[in-house]
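Have the model open as you read.

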Amino acid sequence: MAFLDWINDELTILAEAFGERLTEERTEIYIGGLADIQQNQLQGAFRRARYELKWFPKLAELRELAGALGGGGKDGRPGPEEAWARMPKGERMEDDSIVWCEEERIAYSACRSLLLDGDHIGARMAFKERYERELAEARSQGRQVRWIMSTGYDIEHRLATLATAVQEKRISLESALNFVPGERQTDFAQMLPPGEAKGLLTGRVEKLPDLPGLAGLLAKMQMEGIVPQELNADPRPPRKAPSDRSPEEARELREKLNAQIEFLKRSRNGLRSGGA
């Protein structure tokens with residue numbers, strides 16, 4: 001709380017220096033948008049703002065002066081300039097896919113019509129203004145970042161975007177596969193690190209069987225296609241059809257069957273007498 005009060009005092013001094021009127025709501029937005037920066041960095045930013053700027057700084061300008069704009073905040077959300085650079089623009093607006101946070105999505109909807117009209121400068125200003133407001137509000141409320149997939153028509157760009165998002169832990173592999181056509185899952189697997197691609201070799205995610213001992217090892221080897229040829233062969237001799245047996249083989253088979261029947265009869269009679 002002492003740190004937040006300090007930010008509030010610095011904003012008041014800055015507003016006085018520029019003859020700016022700060023409402024309570026605006027002050028809360030600024031405090032929430034600056035609270036993730038170290039105090040020594042903010043102190044330098046307020047000092048530079050007083051002596052280097054001609055107008056009261058926007059939130060993004062203060063963050064930039066503090067050296068906290070380029071990489072985003074601790075919550076993983078990108079800074080305004082980085083976010084704008086990621087947005088689909090121009091002829092690629094309908095083709096490119098993007099995994100963006102909720103605040104980026106809202107800001108993009110505020111500038112999309114300007115992009116369609118070809119007003120790149122106006123779109124950039126509209127995007128940054130809305131994104132800064134959404135970003136400050138999200139951070140002041142302590143909301144966790146939520147990543148969303150927006151798919152474009154270019155399937156190659158979509159697969160590359162999804163692979164990057166999975167590697168950066170923005171979305172899970174299971175979520176990414178919802179946007180990958182079945183026939184392209186092998187291609188998608190090749191874009192992932194070996195550990196992430198496990199189970200995609202057959203074109204679909206499969207859970208490897210959890211069997212103990214040698215049986216489990218052989219099952220996993222079969223799924224991964226690395227079972228030696230000699231283990232794939234059936235070690236048992238092929239069974240002969242009745243018409244292929246010689247008279248001697250048929251007689252031996254009948255004798256074995258009769259012996260088994262007699263053994264079962266004796267065993268059953270022994271159990272009955274023992275029970276009596």
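Helix H6 covers residues 102–116, 15 residues in all, and runs 21 Å from first C-alpha to last, close to the 21 Å expected at 1.5 Å a residue (1.5 Å times one less than the number of residues). Helices here are DSSP runs of H or I, at least four residues, numbered from the N terminus. Bear in mind that this is a predicted model, where local features need pLDDT of at least 70 and side-chain atom pairs pLDDT 80 or more, while totals for chains, interfaces and linings use all residues. Residues are numbered from 1 along each chain as its sequence is written, and side-chain values use heavy atoms, with hydrogens and water left out.

**More on H6**
- H6 bends by about 40° at Ala-110 (the angle between axes fitted to the seven residues ending there and the seven starting there).
- Among the buried residues of H6 are Glu-102, Tyr-108, Cys-111 and Leu-115 (buried is under 20% relative accessible area, with a 1.4 Å probe and protein chains only).
- After H6 comes Gly-118, with a positive phi near 85°.

**Thr-161**
- Thr-161 sits in helix H8, residues 155–167.
- Thr-161 counts as buried because its relative accessibility is 15%.
- Setting aside neighbours within four places in sequence, Thr-161 is in contact with Ser-97, Ile-98 and Val-99 (heavy atoms within 4.5 Å).

Definitions and conventions:
Helices (H or I, at least four residues) and strands (E, at least two) are DSSP runs, numbered from the N terminus. Buried means under 20% relative accessible area, exposed over 50%, partly exposed in between (1.4 Å probe, protein chains only).
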